[in-house]
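This briefing is intended for a reader who has the sequence and the coordinates at hand. It is arranged by topic.

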Amino acid sequence: MANEVPATRMISIRQMTKTLGTQQVLRGVDLEIERGETCVILGRSGCGKSVLLKHLIGLFQPTSGEVWVDGDEITKLRERQLGGIRKKVGMLFQGAALFDSMNVEENLAFPLREAGVKSEAEIRDRVAEALEMVDLAGEQKKMPEKLSGGMRKRVGLARTIVGRPACLLYDEPTTGLDPIASDSINHLIRRLQKRLQVTSVVVTHDMRTAFTTADRVAFLHEGRTYFHGTVDVLKKVADPIITDFIEGRSGDVS
Ligand SMILES: Nc1ncnc2c1ncn2[C@@H]1O[C@H](COP(=O)(O)OP(=O)(O)OP(=O)(O)O)[C@@H](O)[C@H]1O
Ligand SMILES: [Mg+2]
């Protein structure tokens, strides 16, 4: 196995490949993410962004390569050992994935009870604090069906941060939201980074999300990290594979 990672690094992906069925989805991804940094992952639909994210909490194991999270190489860990990683790394899934039969408070309390928090007072306080962070103070008793799409995302996010992870993964946090609700999520991602000093990985198609939240951007193309750098550098790149994506050009004419 290669050398360990420096202490300043939260995530290190090295020459990772992943074959699903007969399809080689990831063909050698390299990515380094520092502690406290927000890294935005861009790439065409189907290029493997969600698959990549799932490797960071051990929902997928790579076909080859290494995945380091907070100093541990996680690809060989067993399910039981992955529990520790999943406490450190919280994921906001593409559809927010709330329990529809539970109100907001019960949804947020669930991961705390799973993690063994016993004190009802502590659960109440931590739920209230997480809701306050996502601008939903006082919404404890609402049922998920009564929430708008933007509120559902924020409740999903509150449920992700209530366990105080060191690292947050967002899969398409603004998809399906109007521009104003998207803007509020973008600012929330920034605010949580500052308030909780979390490392964030944001998968998105939304260039506003990318430009508002990213410290650095990784662009995936044909299963590899095609570009990795700051937003300023990304905006100056003259490569049509990148500029067509940023400007939303398909190459079709009609
Ligand atoms: N569990 C799975 N089994 C088999 N193939 C899968 C599985 N999950 C994803 N794939 C395939 O891997 C490829 C990458 O999928 P992925 O969901 O990572 O794309 P994506 O970049 O997140 O796309 P989008 O932007 O549309 O969300 C796709 O071809 C998909 O069909
Ligand atoms: Mg996806």
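The model is predicted. Around ligand 1 there is a shell of 15 residues, and the protein buries 63% of the area that the ligand exposes when taken alone. The largest nonpolar core has 43 residues.

**Ligand 1 and its surroundings**

- Of the 15 residues that surround ligand 1, the closest are Ser45, Gly46, Lys49, Ser50 and Val51.
- Taken alone, ligand 1 exposes 630 Å², of which the protein buries 63%.
- Strand S2 (23–34) and helix H1 (49–55) each contribute at least two residues to the shell around ligand 1.
- Helix H1 provides the largest share of that shell, with three residues.
- By residue class, the shell comprises five nonpolar, seven polar and three charged residues.

**Nonpolar cores**

- In soluble globular proteins, nonpolar side chains tend to be buried together.
- Within the largest nonpolar core, of 43 residues, the members with the most contacts are Leu42, Leu108, Leu157, Ile161, Tyr170 and Leu192.
- Beyond its neighbours within four places in sequence, Tyr170 is in contact with Leu53, Leu92, Leu157, Ile189, Leu192, Ser200, Val201, Val202 and Val203.
- Another core lies apart from the largest one and has 31 residues, including Met10, Met16, Val51 and Leu77.

- Helix H3 spans residues 104–114, and its buried residues are Val104, Glu105, Asn107, Leu108, Ala109 and Leu112.
- An α-helix has 3.6 residues a turn, so residues three or four places apart point the same way.
- The buried residues of H3 pack against helix H4 (120–133) and helix H5 (149–161).
- Leu108 is one of the buried residues of H3 and also one of the residues with the most contacts inside the largest nonpolar core.
- At the start of H3, a side-chain oxygen of Asn103 comes to within 3.1 Å of the backbone nitrogen of Glu105.
- Is Glu105 buried or exposed? Glu105 has a relative accessibility of 17% and therefore counts as buried, the limit being under 20%.
- Setting aside neighbours within four places in sequence, Glu105 is in contact with Arg124, Val127, Gln140 and Lys141.
- Just after H3, Gly116 adopts a positive phi of about 95°.

**Arg159 in helix H5**

- Arg159 is located in helix H5 and counts as buried, at 17% relative accessibility.
- The C-alpha atoms of Arg159 and Pro111 are separated by 7.5 Å, although the two residues are 48 residues apart along the chain.

- Ser182 belongs to helix H6 (residues 179–196) and is buried, with a relative accessible area of 7%.
- Neighbours within four places in sequence excluded, Ser182 is in contact with Thr174, Leu177 and Asp206.
- Arg208 belongs to helix H7 (residues 207–213). Its relative accessible area is 57%, so Arg208 is exposed, the threshold being over 50%.
- With neighbours within four places again excluded, Arg208 is in contact with Asp183 and Asn186.
- Thr174, a contact of Ser182, is 34 residues from Arg208 in sequence and 9.8 Å from it in space, C-alpha to C-alpha.

**Loop residues with positive phi**

- Asp135 has a positive phi of about 60°, although it is not a glycine.
- Asp135 is found in the loop between H4 and H5 and is partly exposed, with a relative accessible area of 48%.
- Glu222, likewise not a glycine, has a positive phi of about 50°.
- Glu222 is found in the loop between strand S9 (216–221) and strand S10 (224–230), and it counts as exposed at 57% relative accessibility.

Terms used
Residues are numbered from 1 along each chain as its sequence is written. Chains are lettered from A and ligands numbered from 1 in the order in which they are written. This is a predicted model: local features need pLDDT of at least 70, side-chain atom pairs count only at pLDDT 80 or more; totals for chains, interfaces and linings use all residues. Side-chain values use heavy atoms; hydrogens and water are left out. Helices (H or I, at least four residues) and strands (E, at least two) are DSSP runs, numbered from the N terminus. Buried means under 20% relative accessible area, exposed over 50%, partly exposed in between (1.4 Å probe, protein chains only). Contact means heavy atoms within 4.5 Å. A polar contact is a pair of N or O atoms within 3.5 Å; within protein, one must be able to donate a hydrogen and the other to accept it, and residues adjacent in sequence count only if both atoms are side-chain atoms. A residue is near a molecule or strand if one of its heavy atoms lies within 4 Å of it. Accessible areas come from the Shrake-Rupley method with a 1.4 Å probe; for residues, only the protein chains shown count as cover. Ala, Val, Leu, Ile, Met, Phe, Trp, Tyr, Cys and Pro count as nonpolar, Asp, Glu, Lys and Arg as charged, and the others, Gly among them, as polar. A nonpolar core is a set of buried Ala, Val, Leu, Ile, Met, Phe, Trp, Tyr and Cys residues joined through side-chain atoms within 4.5 Å.
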